[in-house]
Structures are given as C-alpha cells and as structure tokens.
Amino acid sequence: MFRSAVRLTCSGVRSLTRTRPQFTAPLAARGYSHGKQETDEEFDARWVTYFNKPDIDAWELRKGMNTLIGYDLVPEPKILEAALRACRRLNDLASAIRILEAVKDKSGPHKEIYPYLIQELRPTLDELGIATPEELGIDKV
Amino acid sequence: MDTSRRLGQTINSVYSPLSVKVVSVMTMSLPKPVMRGLLSKRLRFHLPIAFTLSVVAAAVFKYTVTEPRKQAYADFYKQYDAMKEFNAMKEAGIFESVRPSGE
C-alpha cells in the first residue's frame, strides 16, 4: 500500500513537470525517465505554438497559463509574448495584466528576473497597450 | 554602451586638456538572468541541510532527554526492594485486602 502511494506521488509529480500543452501527448513529453529528454528550446517552442493558435479559446489560455506556472521555471519572454497576444485576440486585458503579476510572483526572491522580462516585453506591451501592475499602482497592497 | 565609450575616446582625443569619464548609463539593457530550475537549485541546497539538522535534533533530544530518563528509571529500580515498599504501604493502611499489623 505504501509502495502504491509512493508510485502514485512519483508519477503525479513527473506528469506535473512534463504535461504537454495540447493535452494530446507526443510521446517524448510523458513522464518516463527513459526516452528522449526535451530540450529547453523545444519546450519553449511548444509553448509558443500553443499560445499562437489563432483561434485559441479562453479555457485553453487559462489552462495553458496555469500549467505553465506550475513548472519550475519562469517562462521565457517569447512564451509570454505569445500569451499576451492570445489575450489580445480574446479581448482579455485582465488576464494579460494577471500574467505579468504571475511571472513576478514566480520569480520569488530573484528580483532581477521581473525587470528583465518587462524590458524584453516592452515593445509588445506598448504595441498591445498593456499597462504593467506597477503603472496601474496595483502592485502594492 | 560601445558608442558611449567611443564618444568618450573621441572627446578625450580632440579636447585633450579636458577629459570625459565614460560611465555606464542606466539605459544599458539588463542581462538575461537564470530563469529555470530555481526551485531545484534551492532544494538541492536546503534539503540536505534540513535533513541533517533534523537528524541532529533527534540525536540531541535522544541523548539529553530520553537516555537520562531511562537511566534514572534504571538507577531507581536497581536497588528497589519490592517487599520493603509493600510493607511500608501496608503499614500506611492504604490496602483493603491486607490491613496494617496493628489492626
């Protein structure tokens, strides 16, 4: 019984770190310790493709962001740009600003990450007219 | 950053009595920080420490609390005379089935 509980938690943790975005699995993305290990670039490309879907719906946006935030990483600027453009296609400004708050929180104690992300996203934010939480004054309680 | 350095060098070469100190400007772009594996890095550092500290805490408790307690019990019972204690209790009159020798 203990062994089955351990097996359950191990597979649960692994599937959490390796869930594929389309939620129809290409084999390399499953939680096996054998099999091809996905590179960082492949991971990023998969997520950019996910958010670049022209007819992405609101559920997929939320699911994608929540899954992405569950990983042990802060998303790359190119993934966030694709997500912000998806918000634009869905007319969802609230989610766009929430994404910025989420990545700031995801950085944790590493305070140099968020300013870097805003610097990289600045052209996209200006183009899409997205204000940062700091500009709106909602970053302080 | 390169153009500001070159500008400084040009000004220094042309206007040699003056000198222009080239400082890095705040508009210089931020370098890319590490953005992956931050939690695993933290765990790889803190979990061995946490594990070791827990084991040390357990060992300290064992040798400062439980072992002295066990020793105290052992010392008490090493010279314990059950019959002597029973007779003392009997004379104190606490039993119902056997009364003190006086009654």
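In chain A, residues 24 or more positions apart account for 63% of the contacts with a separation of 6 or more, a contact being heavy atoms within 4.5 Å. The structure is a predicted model, in which local features need pLDDT of at least 70 and side-chain atom pairs count only at pLDDT 80 or more, whereas totals for chains, interfaces and linings use all residues. Residues are numbered from 1 along each chain as its sequence is written, chains are lettered from A in the order in which they are written, and side-chain values use heavy atoms, with hydrogens and water left out.

The model scores ipTM 0.72 and pTM 0.68. For chain B, the average pLDDT (the predictor's confidence in each residue, from 0 to 100) is 85, and 74% of the residues score at least 70.

Chain A contains 7 helices and 0 strands, where helices (H or I, at least four residues) and strands (E, at least two) are DSSP runs numbered from the N terminus. Of its 141 residues, 36% count as buried, that is, under 20% relative accessible area with a 1.4 Å probe, protein chains only. One buried residue is A:S107, with a relative accessibility of 3%. A:S107 is located in the loop that lies between α5 (93–106) and α6 (113–128) of chain A. When residues up to four places away in sequence are not counted, A:S107 touches A:V74, A:I113 and A:Y114.

At the interface, 16 residues of chain A are in contact with 12 residues of chain B. The buried area, meaning the accessible area (1.4 Å probe) that two parts lose on being put together, summed over both, is about 1300 Å², and carbon and sulfur atoms give 55% of this area. Across the interface, 4 salt bridges are found, each defined as a side-chain nitrogen of Lys or Arg within 4 Å of a carboxyl oxygen of Asp or Glu. A salt bridge joins B:R36 to A:D44, with the closest N and O atoms 2.8 Å apart. On the side of chain A that touches chain B, the elements giving two or more residues are α2 (40–51) and α6 of chain A. The most is given by α6(A), with 5 residues.

Note on methods: Buried means under 20% relative accessible area, exposed over 50%, partly exposed in between (1.4 Å probe, protein chains only).
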